[in-house]
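Open your viewer and get your selection tool ready. We will go from stop to stop, with something to pick out at each one.

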Amino acid sequence: MTPTAAPSTRTVRIFQTTDMELEQRLAEAGLNFSLSEARKVATILARDPTVVEAHIFNTMWSEHCSYKSSRGVLKEHLPTDAPHVVLGPGEDAGVVRLCEIDGKSYCVAVAHESHNHPSQIVPNEGAATGIGGIVRDVYCMGADVVGVMDPLRFGDPNGPNAERTREIVHGVVEGIWQYGDALGVPNLGGDVYFDRSYDDNCLVNVVAIGLVEESEIKRSRVPEEARDVPYDVILVGKPTDPSGFGGATFASRILDEEKTLSDKYAVQVPDPFLKRMLTVATFRVLDLFRERGVAIGFKDLGAGGIACATSELGAAAGLGIRVDLSRVPVAEPDMTPEVIACSETQERYALVVPRELTPEVLRIFNEEFELPELCHGAQAAVIGEVIAEPRYVLEHKGEVVCDASTEAITTGIAYVRDASERERGLVEPDVPADLGLVAAFLGVVGSPNVASREHIYRHYDGEVKGNAVVRPGEADAGVLAPIPGENVGVAVSADGNPFLGALDPYQAGAAAVAESVRNVCATGAVPIALTDCLNFGNPEVPEVFHDFVEAVRGIGDAARGIGMKDSDEPIPVVSGNVSFYNQSAAGSAILPSPIVCCIGRLDDLSRHTTIGFRNAGSAIYLIGRRTGELGGSEFMRSVLGAMGKAPATVSFADERAMAAAVTDLAERGLTQACHDISDGGVAAAVAEMTLLSAPDVEIGARVDLAAMAPADGTVGVPEACRLIFCESGGYLLEIAPPDEAAALEVFEERRVWFRRVGETTEEVGIVLASVEGGDVEVPVDAMTRAWTGGATEVML
């Protein structure tokens, strides 16, 4: 092919170069393309790309932006549609209908992302900008953010990198609370795991939940009206600076300690106070458009900066965009056009508005809300316009520096990766017959992966909007009242056990769905949607990609198999993210870590359920058969020092029936307390229900192991361990004696496996009955010290 002339004199020479020459040129230009990708860009353009074009394609074709390894797998396996889904994957946030009140349809907007690499390099700023980015995704749908969550994964706090791990923990937690509290958004919870596979790659996943009236939803696209009426592109927020330049490609490669210093410049700088005022001003502008009945396009600037946001706005409508980079407010003189185009400076939005309203929009931001006075250089400025031809054109100082098809830029590329199952070579020791049951019990509840997370969530402000009903630690999910004056609630939980991923990625994906569903149902809420964040190592490694495919398949099968309550519809996956290359240059990859968030609806907030026992003399019911597998369990790791072999298998039919039964009980007011069974098994569940009991009463629990066992009679220590430490799904419920008959009717109606396994007592502590050799008593003081101190110690 004969190359045509480039629109700019600054080009990256690709045609007529050897592979060695091209590799050198790409490195000199700071481009992460593969050689084949670089040559494909030149083929698409029919010429050598300009430096700006090369950086745009480099960013837009990165794994972070293009999903080039995962797109086909996600499309094949995940259910994304249901009658109540308004917008699924493809927008900045998914949107589902919540309820209708007085003729208004209220919706929940939810987004789920990762900020892993930045948080490993610069923990405070990385985590803070993760929160900043995820709330922008929800705000730009026209929704008010009502809460955030943060599933976290850290290295081994007692391993060879303990000091660095603790520094990262402190920095991440500080970044989350500093940004979230300053922004005025409550933290609804999350989860935390520690393992040495995260020593070099911590995971900071973030979820944002918003509320929006369906008629007020904004789209991340140029409106159709722009075909007939002139529309301007307005950039609003901080002046563009070099921070975050290359952030998307940085997130799409393996971390290398030798590049840590330079990587710090790929991390954005947060400004939550500006974000708060910018958001207020933006909603004032959205009110203007609503009053005038005008359609607009609205998108946050995250990965890829101006280039990504504006090209996607145009491409989504089949239209083009022309931007003059010389009109972009910048923080430093003489910034190059590629940095202006692709920098990921925080606290910015792009608006596409009718030209006739542009002066009013600028007045609101720059004069009424005085953005230039809040932050030096901050403002709203017109930087471009919509054009009919579907091309992306950038100019800088009178020179065209980019001229390419919007489709070519935004469609990206796709790979079909090789996948092969890894050899695991795992062993599972027998449970010793003389194992001390009390010591094992305390070891499990005191493990950093099971113990209380209060030392983390006490940093967060859960009351800032005054909408919290259930705060972190009080129940299996956060519960809030998003609509002022109304009794409809939203419950959210994010879950994913990485140790299951080490044994069986399919089960890890399925279990992440099942546990998040159980946590929401345990509050009395009915699941209505899922999101996912899929964290894995290098997808170019066949074993890693096989793990990924299996985890996604597990998520999809569980979403369909558990399904919407009393419906044939799946629980739809409406938003999500894939984070690959969570792997160090030394070759150490994280455990396969699919994390799933479930959103649920509570029709009557007064019926919500929490964890703690409420009264002595109540019945304790177990639903969900104890299947006895210990593979991947906390008991296997912390007590026996092994990973084990077979994890508990998720039964979709059982999970569906249990979810229906538990929510039925809550709707009828028959549940005093409810806790799902997951990490730590029945042992951890009953311990937490006891320790979180009503503060004005002293309550203990007596649990009869024979009632759980498949046969009558006392049980030996090995069998006792398989009953109380197995992490197969289920629930423990406190039922008041007068309500037992009605509860039994629900169990029978929903056809769940259940047993009455004990009762709450006036004697504090936990008694495990029907154990060979006599009842086993777990002292409350020792249990309290173990549970409250297990994770706190690693945070000090």
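Which residues have the most contacts inside the largest nonpolar core? Select Ile-56, Phe-365 and Leu-394: they hold that place in a core of 116 residues. Keep in mind that this is a predicted model.

Stay with Leu-394 for a moment. Leaving aside neighbours within four places in sequence, Leu-394 is in contact with Val-52, Ile-56, Val-323, Leu-325, Ala-341, Glu-399, Val-400, Val-401 and Cys-402. Apart from this core lies another, of 92 residues; to find it, pick Val-479, Leu-480, Val-578 and Tyr-581, which are among its members.

Now zoom in on strand 9 (residues 231-237) and strand 12 (residues 348-354), which run antiparallel and are joined by seven bridges. Click on Val-233 and look across to its bridge partner in strand 12, Val-352.

For the last stop, select helix 21 (residues 542-562) and helix 23 (residues 652-667), whose axes are 8 Å apart. They pack at an angle of about 50 degrees, and are therefore oblique to each other. The crossing of helix 21 and helix 23 is right-handed. Show side chains here: Asp-557, Ala-558, Gly-561 and Ile-562 of helix 21 meet Phe-652, Glu-655 and Arg-656 of helix 23.

Terms used: Residues are numbered from 1 along each chain as its sequence is written. This is a predicted model: local features need pLDDT of at least 70, side-chain atom pairs count only at pLDDT 80 or more; totals for chains, interfaces and linings use all residues. Side-chain values use heavy atoms; hydrogens and water are left out. Two strands pair if DSSP finds at least two bridges between them. Helices (H or I, at least four residues) and strands (E, at least two) are DSSP runs, numbered from the N terminus. A nonpolar core is a set of buried Ala, Val, Leu, Ile, Met, Phe, Trp, Tyr and Cys residues joined through side-chain atoms within 4.5 Å. Buried means under 20% relative accessible area, exposed over 50%, partly exposed in between (1.4 Å probe, protein chains only). Contact means heavy atoms within 4.5 Å. Axes are lines fitted to C-alpha atoms, for helices over the stretch in contact, and angles run from 0 to 180 degrees between N-to-C directions. Angles under 35 degrees count as roughly parallel, over 145 as roughly antiparallel, 65 to 115 as roughly perpendicular and the rest as oblique. A crossing is left-handed if the near helix is turned anticlockwise from the far one by less than a right angle, and right-handed if clockwise.
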